[in-house]
Amino acid sequence: MLPEQHGTLSIEDKVIYHHGGDIDGFTSLLVLIPESNGLIILLSNQQDKGEERYKIMEAVLKNEF
């Protein structure tokens, strides 16, 4: 799964809001999980890691929230 760079998703019956992107050698992702009062922030100094970024997001959501 490689969603749009921002938007709303439903993973593991949880609604999440996210925004991520790549610029000048960096990758970022911000994820808000309202029902768990949670926030995930991913930062990397490698560009074009969109698919890996969302795999990490899914793993954290499944194991921590």
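Leu-61 is buried, with a relative accessible area of 2%; buried means under 20%, exposed over 50% and partly exposed in between, using a 1.4 Å probe and protein chains only. Leu-61 sits in helix α1 (residues 50–64). The model is predicted: local features need pLDDT of at least 70, side-chain atom pairs count only at pLDDT 80 or more, and totals for chains, interfaces and linings use all residues. Residues are numbered from 1 along each chain as its sequence is written, and side-chain values use heavy atoms, with hydrogens and water left out.

**Around Leu-61**

- Leu-61 is in contact with Ile-11, Ile-16, Ile-33 and Ile-40, leaving aside neighbours within four places in sequence. Contact means heavy atoms within 4.5 Å.
- Val-31 is 30 residues from Leu-61 in sequence. In space the two are 9.7 Å apart, C-alpha to C-alpha.

**Fold**

- Along the sequence the pattern reads β-β-β-β-α.
- Helices (H or I, at least four residues) and strands (E, at least two) are DSSP runs, numbered from the N terminus.

- Strands β3 (residues 26–33) and β4 (residues 38–44) run antiparallel and are joined by seven bridges. Strands pair if DSSP finds at least two bridges between them.
- Leu-30 has Ile-41 in β4 as its bridge partner.
- Four residues separate β3 and β4 in this hairpin. In the turn, Asn-37 has a positive phi of about 60 degrees.

**Size, burial and surface**

- The protein has a radius of gyration of 11 Å, which agrees with the value near 11 Å for a compact globule of 65 residues. That radius is taken over C-alpha atoms, and the globule rule is 2.2 Å times the number of residues to the power 0.38.
- The C-alpha trace spans about 35 × 20 × 15 Å along its principal axes.
- Of the 65 residues, 29% are buried.
- Accessible surface comes to about 4,400 Å², and carbon and sulfur atoms account for 50% of that surface. Areas come from the Shrake-Rupley method with a 1.4 Å probe; for residues, only the protein chains shown count as cover.
- Among contacts between residues at least 6 apart in sequence, 32% join residues at least 24 apart.

**Confidence**

- The mean pLDDT is 82, and 91% of the residues score at least 70. pLDDT is the predictor's confidence in each residue, from 0 to 100.
- Confidence is lowest in strand β1 (residues 6–11), at a mean of 75. Confidence is highest in β4, at 91.
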